[in-house]
Amino acid sequence: MSEAPTAALIAVGGLALAVAAYFACRRTPSQGGPHEPKKHVPVSLRTPPEEVARTLRLGVVRTAWNEEMVTNMWEGVRGALLAAKVPPENITVEIVPGSYELPVVASYMAKSGNYDAVLCLGVLIKGETAHFEYISSSVSRAIMEVQTTTGVPVLFGVLTCFKESQAIARTRLGAELPQSLGVSLLHMAEIRRRWQKSK
């Protein structure tokens with residue numbers, strides 16, 4: 001076989017491998033694909049007793065961008081809340097365009113006095129510009145400011161990933177992160193409720 005056909009075959013083979021790798025990374029969260037390293041929800045992170053959970057009022061603000069991944073996160077959170085016996089009517093969900101808009105709506109909820117705790121859900125994936133750094137930093141600071149100024153826990157459920165595959169691993173159906181966010185929301189809501197009663 002001459003050198004030219006051999007080189008062509010090598011090039012085609014390399015292209016095929018590149019295409020396969022590309023589509024493997026772009027699998028949707030509900031399909032197969034990368035998995036997050038196995039972690040377990042800490043034992044000390046607990047859901048409140050059923051009689052308390054039934055009275056909690058919880059707010060969730062989620063983004064429209066990266067919709068399938070954020071929807072999977074919400075489904076995991078929702079499953080944890082319902083398993084703890086929080087009534088569906090006690091959960092309010094608001095959808096905002098992107099992560100930059102999460103803090104202002106979380107602020108509306110926290111200042112309303114109607115919620116024991118609020119959870120922000122979003123997915124940020126680094127691109128080729130500085131957009132990722134500006135949004136990640138601004139959103140994390142703003143969410144922290146909302147909870148420290150209102151006294152209402154506002155949980156940071158915004159993934160800040162360098163690669164799409166990292167986001168997929170953490171949001172695929174059955175991933176542990178969304179469930180742990182739900183448990184964390186319950187945990188903080190119960191703490192706030194308890195401290196309010198002690199006043």
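Me: Is Phe132 buried or exposed, and what is its relative accessible area?

Reply: Buried means under 20% relative accessible area, exposed over 50%, and partly exposed in between, with a 1.4 Å probe and protein chains only. In this predicted model, Phe132 has a relative accessible area of 10% and therefore counts as buried. Phe162, by contrast, is exposed because its relative accessibility is 56%. Of the 199 residues of the protein chain, 40% are buried.

Me: Which kind of aromatic pair do Phe132 and Phe162 form?

Reply: Rings of Phe, Tyr and Trp (its six-membered ring) pair if their centres lie within 6.5 Å, and planes under 30 degrees apart are stacked, those over 60 edge-to-face and the rest tilted. One aromatic pair is found in a search of the whole structure. Phe132 and Phe162 make up that tilted pair, with 6.2 Å from centre to centre and 45 degrees between the planes.

Me: Which parts of the chain does the pair link?

Reply: Helices (H or I, at least four residues) and strands (E, at least two) are DSSP runs, numbered from the N terminus. The pair links distant parts of the chain, since Phe132 lies in helix α5 (residues 131-150) and Phe162 in the loop between β4 (154-161) and α6 (164-171), 30 residues apart. The protein chain has seven helices and four strands.

Me: What should I keep in mind about the numbering and the values?

Reply: Residues are numbered from 1 along each chain as its sequence is written. Local features need pLDDT of at least 70, side-chain atom pairs count only at pLDDT 80 or more, totals for chains, interfaces and linings use all residues, and side-chain values use heavy atoms, with hydrogens and water left out.
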